[in-house]
Amino acid sequence: MITGIGVVAPNGVGVEDFWANVLAGRSGLAPVTRFDATGYPVSQVGAVSDEAESLPNRITVQTDRWTRLAMTATEEALRNAGIGAGGERDFDDYDLAVITASSSGGNEFGQREIERLWSAGPEYVSVYQSIAWFYAATTGQLSIRHGMRGPCGVVVAEQAGGLDALAQSRRMLRTGTKAVVTGGTEAALSPYALVCQSAGGQFTRGEYLPFDVRASGHVPGEGGAILVLEDESSARARGVSEVYGRVAGYAATFDPRPGSGRPGGLLRAITGALADAGLRPSDVDVVFADGAGTRERDAEEAAALAGVFGARGVPVTVPKTMTGRLAAGGASLDVACVLLAMRDGVLPPTVGVTELAHDLDLVSEPRPARVRTALVLARGFGGFNSALVLTR
């Protein structure tokens with residue numbers, strides 16, 4: 001059961017601020033302002049407001065922005081779930097776990113320290129460089145900050161990682177852990193990080209328009225969501241008043257080598273997740289698509305959806321058109337959107353897409369709907385495919 005949500009996104013910090021902006025169709029995409037982006041293959045990014053980093057200096061000095069965004073989201077998720085710190089909660093430290101998704105790690109921190117190394121010398125490099133860049137740094141910092149000593153880990157699968165982290169958290173609950181802080185964030189908008197990402201050739205200098213005839217790539221963003229996943233008996237025992245939804249099914253596949261002639265693995269991930277949930281395609285009320293924003297990958301996803309649901313067989317939405325693709329933070333933010341859609345009975349829109357290249361029932365404006373079952377899809381660069389089924 002998911003009992004807590006925390007959000008830091010380009011179009012809103014905090015669950016309710018974010019959700020209000022999503023339903024209003026307000027985008028968080030804007031030109032790069034943190035540095036001179038002339039020469040970089042992007043014209044806009046999804047940047048999170050600096051207000052999301054209200055943390056003590058002793059924390060900021062040893063962490064990358066990616067970790068600090070996760071800390072902010074975790075504070076909200078724990079409050080939301082009614083789980084306090086230390087002796088103020090109904091759990092033993094070893095009952096609580098942390099499983100996060102990571103992608104590029106603490107690249108902004110690393111870039112700054114490399115600049116110090118070359119401009120001033122090794123004695124000016126922060127001792128925290130040894131840990132702040134590391135892909136498991138966020139999990140470690142959250143575990144330390146909140147005294148969560150149960151099973152801790154990190155999964156690295158780019159955009160698919162947010163769903164994989166939830167699946168790993170479900171495994172931890174099945175082995176006796178009572179609650180898991182999970183999800184993911186990203187903060188890869190520094191010059192070094194953008195250069196690394198641009199090597200994949202997936203950025204657009206124009207608009208991020210998945211499934212549109214004008215699709216030419218995606219806009220990068222930062223932020224994400226942290227969720228509290230809890231064992232049902234534990235949640236009931238402590239009198240949880242609000243449950244946002246349940247993780248009902250999951251599957252992951254990996255694409256074959258490009259040029260092999262073999263089909264991609266997304267369709268198998270979808271059917272596997274539905275089978276794991278014991279549900280049929282007709283049970284699904286909405287699909288939160290991966291929406292890569294390139295013609296080839298959009299065509300692959302549209303074909304997989306048609307193969308399972310038929311043409312226009314299910315409403316499809318891509319609210320990340322308002323945030324950009326957030327790598328490790330993207331899928332968990334989609335999960336947060338699903339849970340809020342279930343709560344409020346409304347499907348969030350896909351903004352900007354006006355000329356569909358595929359036969360999809362794309363949600364272009366908020367649509368009232370009873371959302372009982374939702375499918376979330378995420379694909380990570382390099383071949384990762386993950387599918388998660390959530391039920392009310």
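Val213 is partly exposed, with 34% relative accessible area; that class runs between the buried limit, under 20%, and the exposed limit, over 50%, using a 1.4 Å probe and protein chains only. Before going on: this is a predicted model, where local features need pLDDT of at least 70, side-chain atom pairs count only at pLDDT 80 or more, and totals for chains, interfaces and linings use all residues. Residues are numbered from 1 along each chain as its sequence is written, and side-chain values use heavy atoms, with hydrogens and water left out.

Back to Val213. This residue sits in the loop between helix 8 (191-198) and strand 8 (223-230); helices (H or I, at least four residues) and strands (E, at least two) are DSSP runs, numbered from the N terminus. Setting aside neighbours within four places in sequence, Val213 is in contact with Arg295, Glu355, Leu356 and Ala357, contact meaning heavy atoms within 4.5 Å. The C-alpha atoms of Val213 and Arg295 are 7.7 Å apart, and the two residues are separated by 82 residues along the chain.

Next, the rings. There are 4 aromatic pairs in the structure. Rings of Phe, Tyr and Trp (its six-membered ring) pair if their centres lie within 6.5 Å, and planes under 30 degrees apart count as stacked, over 60 as edge-to-face and the rest as tilted. Phe35 and Tyr40 have ring centres 5.3 Å apart and planes at 70°, so they are edge-to-face. Phe35 is buried at 17%, and Tyr40 is buried at 19%.

The pair of Phe254 and Phe384 is also edge-to-face, because the planes are at 85°, with centres 5.2 Å apart. This pair links distant parts of the chain, Phe254 being in strand 9 (residues 246-254) and Phe384 in strand 16 (residues 384-391), 130 residues apart. Both partners are partly exposed, Phe254 at 46% and Phe384 at 28%. Elsewhere, ring pairs join Trp133, Phe134 and Tyr135 into a cluster.

One last item is a charge over a ring, which requires NZ of Lys or CZ of Arg within 6 Å of the ring centre and within 35 degrees of the ring normal. Which residue lies over the face of Phe109? Arg112 does, at 4.4 Å from the ring centre.
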